Amino acid sequence: MTTESPYWNPRHETMARDELEALQVRKLKNLLEWADGQVPFHSKRLSDAGVTAESIKSLDDLARIPFMTRDEWMQGQLEHPPYGPILAAPEEAAIRYHLTSGTTGKTPIRVLDSMKDWEWIAEMWCYGFWGFGVRPADRVFFAFSYGTFVGFWGAHYACEKIGCLVLPGGNMTTEARINQILDMRATVVCSTPTYALRMAQEARAMGVDLTKSPVERLILSGEPAGSIPATKKLIEEQWGAKAGDTAGMTELGTIMMFECEAQPGGAHIIEDHYIEEVIDPIGENPVGYGERGERVVTSFGRGFIPVIRYRTRDFVVKVPGSKCSCGRSFDIYDGGIRGRVDDMKLVRGTNVYPRAVEAIVREYEAIDEFQIHLFTAEGIRDEIEVLVEIPDASVDADSLCRKVGKALAEAHEGLRFGVKQVENESLPRFELKAKRVLDEREVVGGTGERKQA
Amino acid sequence: MRNAIGQDLNPAQEELMACYDRLASVLGERRDELAPFEERNALKALAALWQVANGLDMDRGQTYHLGA
């Protein structure tokens, strides 16, 4: 076997951009033909827009296809339960059922996969694991609960496919997971960024120095924090291992981007299986390299549920693949997922993004856990405070809180942030996607534009 | 043998494609002759080999009609 190859699919990953785009056009035509023929929901949308597979000549033609939104998907599920009018194959062909994690939207999205789709889902994770240096000799521990959320399920099967020894870590306490990682001499650990920090915290409490463990790599997913430099640095220091970011979504069933071993400060888009556009979320026009915008994804993978120009609400900044030294031609999302369009909080006229707050708070290693709390003061005023746990009694907590507050204000046009120390272990801990924003405002917005929260 | 973008496959890749096509043919045309263990394992193999075909840019369409 060619374990020396740094690429899972060397030909595709190093393809010249014009060849890659020609490949995407061909796959797009196939996808449209399939969706048009099998899914009335898509055929009506395509027909209304005057789009046929044959009419696609270049990637510029993508703009003629209407966007697909999560709201439409959820509405379709309510009107045509349980899956909505989006299946392209009979339910009998499915072998897997999964749900979105429930961090956004009122109704979780339900999805089905066939044997072939499930293999494809693992295949996408293989790009990421192989690209970050995971090989058959590795022993991979999954700190994952193995429930209906698709999460690391595909990654588990990817590691089996690669030939690793897979160590499933579902239904275990954090302490039991640490023991398992050490006992089984795991070389790779998979978790959310938040949970990687939680495990490190637990290990310290157990008197375990993880930097002396055999773990060489962490594969992170599920939250934007895997590409926040301060968070990533903290994780790498506490584990003494390299941390690689990945990002996926249940709507696709798997990841669409991964960080390679060269760690270019972002993640490569798996462009032989997806077209990723970046648009202005309001004007809906495309934005160029280096500009922040919303991801719109078209997937060539899961044929069971065609996903065509899906508005993800993820903020990203795309840069050319040549920014990385790894040799891949796949473009990069610099800084990974930069947050969610819907995550933004308006506080006294200033936009606050949880990811930006985390990027600052994680600069201070003495802070173990934190929570962003928004509330209404005196019935009229929006306030924002960051609650922090500082377990080390030798740290001057008051001074640290003042420093953090100053840094947060400087990064937010002078907006006043209260920073308050709270009792250790009093803030919630998370295994899957962290929810660190507690918005208890009764009303939101400035004078004259206030509305019910 | 050439793929959908006009590139030649090497002999090993051609062998893999032949395996895929034979599996698809057996599952499509001679399924009644297969015991459960033969049919279900052949489907698993087909699903895996489809990834090879896809990665080689050999358009083989979807597999749902075969149960994969």
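# Two helices, two chains

Trainee: At what angle do the axes of helix H1 and helix H2 of chain B cross?

Mentor: In this predicted model, the axes of H1 (residues 11-29) and H2 (residues 36-55) of chain B come within 9 Å of each other and cross at roughly 140°. Axes here are lines fitted to C-alpha atoms, for helices over the stretch in contact, with angles from 0 to 180 degrees between N-to-C directions. Helices (H or I, at least four residues) and strands (E, at least two) are DSSP runs, numbered from the N terminus.

Trainee: Which residues make the contact?

Mentor: On H1(B) they include Leu16(B), Tyr20(B) and Leu27(B), and on H2(B) they include Leu43(B), Trp50(B) and Ala53(B). Two residues are in contact if their C-beta atoms, placed from the backbone, lie within 7 Å. Sorted by class, the contact of H1(B) with H2(B) has 16 nonpolar residues, with no polar and no charged ones. Ala, Val, Leu, Ile, Met, Phe, Trp, Tyr, Cys and Pro count as nonpolar, Asp, Glu, Lys and Arg as charged, and the others, Gly among them, as polar.

Trainee: What does the secondary structure of chain B come to?

Mentor: Chain B has two helices and zero strands, and its C-alpha trace spans about 40 × 20 × 20 Å along the principal axes. Of its 68 residues, 24% count as buried, where buried asks for 20 or more other C-beta atoms within 10 Å of a residue's own, exposed for 12 or fewer, and partly exposed for a count in between, with C-beta atoms placed from the backbone. If you look at contacts in chain B between residues at least 6 apart in sequence, 52% of them join residues at least 24 apart.

Trainee: And how many residues of chain B are in contact with chain A?

Mentor: There are 16 residues of chain B touching 16 residues of chain A. The side that chain B contributes is made of eight nonpolar, five polar and three charged residues.

Trainee: Before we move on to chain A, how are residues and chains labelled?

Mentor: Residues are numbered from 1 along each chain as its sequence is written, while chains are lettered from A and ligands numbered from 1 in the order in which they are written. Since this is a predicted model, local features need pLDDT of at least 70 and side-chain atom pairs count only at pLDDT 80 or more, whereas totals for chains, interfaces and linings use all residues.

Trainee: Okay, how is chain A divided?

Mentor: Chain A has domain 1 (1-341) and domain 2 (344-452), with bounds from an automatic or database domain assignment. The centres of domain 1 and domain 2 of chain A, taken over C-alpha atoms, are 29 Å apart. Their contact takes 20 residues from domain 1 of chain A and 16 residues from domain 2 of chain A.

Trainee: How do H10 and H11 of chain A cross?

Mentor: The axes of H10 (residues 354-361) and H11 (residues 397-411) of chain A come within 10 Å and cross at roughly 140°, so H10(A) and H11(A) are oblique to each other. Ile360(A) of H10(A) and Leu408(A) of H11(A) are among the residues that make this contact, which by class has eight nonpolar residues and no polar or charged ones.

Trainee: Switching topic, which residues does Gln421(A) touch?

Mentor: Gln421(A), which lies in strand S19 (residues 418-422) of chain A, touches Val388(A), Ile390(A), Ala397(A) and Cys401(A), leaving aside residues up to four places away in sequence. Gln421(A) is partly exposed, with 15 other C-beta atoms within 10 Å.

Trainee: What is the phi of Glu425(A)?

Mentor: Phi of Glu425(A) is near 65°, a positive value in a residue other than glycine. Most residues other than glycine have a negative phi, and most peptide bonds are trans. Glu425(A) sits in the loop between S19 and strand S20 (437-439) of chain A, and Glu425(A) is exposed, with 12 other C-beta atoms within 10 Å.

Trainee: Where is there a cis peptide bond?

Mentor: Look at Pro81(A) and Pro82(A), which are joined by a cis peptide bond with omega of about 0°; Pro82(A) is in the loop between helix H4 (70-79) and strand S1 (94-99) of chain A.

Terms used:
Angles under 35 degrees count as roughly parallel, over 145 as roughly antiparallel, 65 to 115 as roughly perpendicular and the rest as oblique.
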